[in-house]
Amino acid sequence: MVEIDEDPQMGFEAEEDDDDDELSDSELQEAFSKGFLKPGLNVPLLEPKKAINNVEGLKKCLTEFKKNLPWAERLDLTNYPAVDIVAKAEGRAQQPEGSEDVNAEDDFQREMYFYRQAQATVLAALPKLNKFKIPTRRPEDYFAEMAKTDQHMQKIRKKLLLKQAAMEKSEKAKKLREQRKYGKKVQTQVIQNRQKQKKAMLTAVKKYQKGMTDKLDFLEGDQDQKPKGSAAKKQINKKDPNSKRKYKDKKFGFGGKKKGTKWNTKDSHDDVSGFKAKMAHGKGGKHFGKGGKTNKRPGKEARRKMKARK
């Protein structure tokens, strides 16, 4: 541990213990705040690495892990690639073995080189395998042992079935939601149509009761009475009157001419279908006409004489 003592003349003195030669963080911070630490005091020196080529040690390690096994146990071959059949068919010059230049950046050329080398290895290994009587063909009744057990595959199968069932259930629920939404939409539309028809019928009944129309088409039931052409456009553009307009119509009428509605016209003058003789000036009756008697009341003097006679 390091102890820092202040000295009025020296300013700073560090005493080091035998156990630890490094300063603590608090001591370093204190020394830095007082200006005792300056850049360039500690310069690390990087020593170059020494390359060691221990040939004897490498040979010793090689002899330790090298095993003199027969070729049937090693199955290793080192050979050059086979003859390039494409170049031979095209008539191009063949390069000697071991001197062929392969562009490592060309993927096709590099992979073809690997393919030809594997082909040459197979052609060289088959005779040796036949010599050692090692079979190279799979028998007809050969069953390869699977890397995973049957129990593990059953678990995977169950998980796949559960996942498939969940997906089917989700799709079915989605279809049901869509059908419910569509059915609800259709039901709402039907209810709105019924309300419109009911409202139209009530309006037609009110108009008939007020004498505004003499048509009874609203009693024929739900029939297709949709207007066509310009009438349909007018009906679409026509809007129902608001509450203020309805109140004024109820109070003042439905518009039109107000004065002179009881005046006679030429048609009303010629129309005598509503004339009643009994009600015309108190005249008429059974004896109405030429030579008939009237029901005129006798005068006061005549009534007095009639009373005196009795």
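Where is the place of phenylalanine 32? Phenylalanine 32 lies in helix H1, residues 25-33, where helices (H or I, at least four residues) and strands (E, at least two) are DSSP runs numbered from the N terminus. This is a predicted model, in which local features need pLDDT of at least 70 and side-chain atom pairs count only at pLDDT 80 or more, while totals for chains, interfaces and linings use all residues. Residues are numbered from 1 along each chain as its sequence is written, and side-chain values use heavy atoms, with hydrogens and water left out.

**Overall make-up**
- The protein has ten helices and two strands, following the pattern β-β-α-α-α-α-α-α-α-α-α-α along the sequence.
- Of the 310 residues, 5% are buried, where buried means under 20% relative accessible area, exposed over 50% and partly exposed in between (1.4 Å probe, protein chains only).

- Phenylalanine 32 counts as exposed because its relative accessibility is 59%.

**Salt bridges**
- The whole structure holds five salt bridges, each defined as a side-chain nitrogen of Lys or Arg within 4 Å of a carboxyl oxygen of Asp or Glu.
- Glutamate 30 and lysine 34 meet through their side chains at 3.3 Å, N to O; glutamate 30 is partly exposed at 34%, and lysine 34 is partly exposed at 33%.
- Aspartate 76 and arginine 74 form another of these pairs at 2.7 Å, N to O.
- Arginine 110 forms a salt bridge with aspartate 107, with the closest N and O atoms 3.0 Å apart; because they are three residues apart in helix H5 (residues 107-131), about one helical turn separates them.
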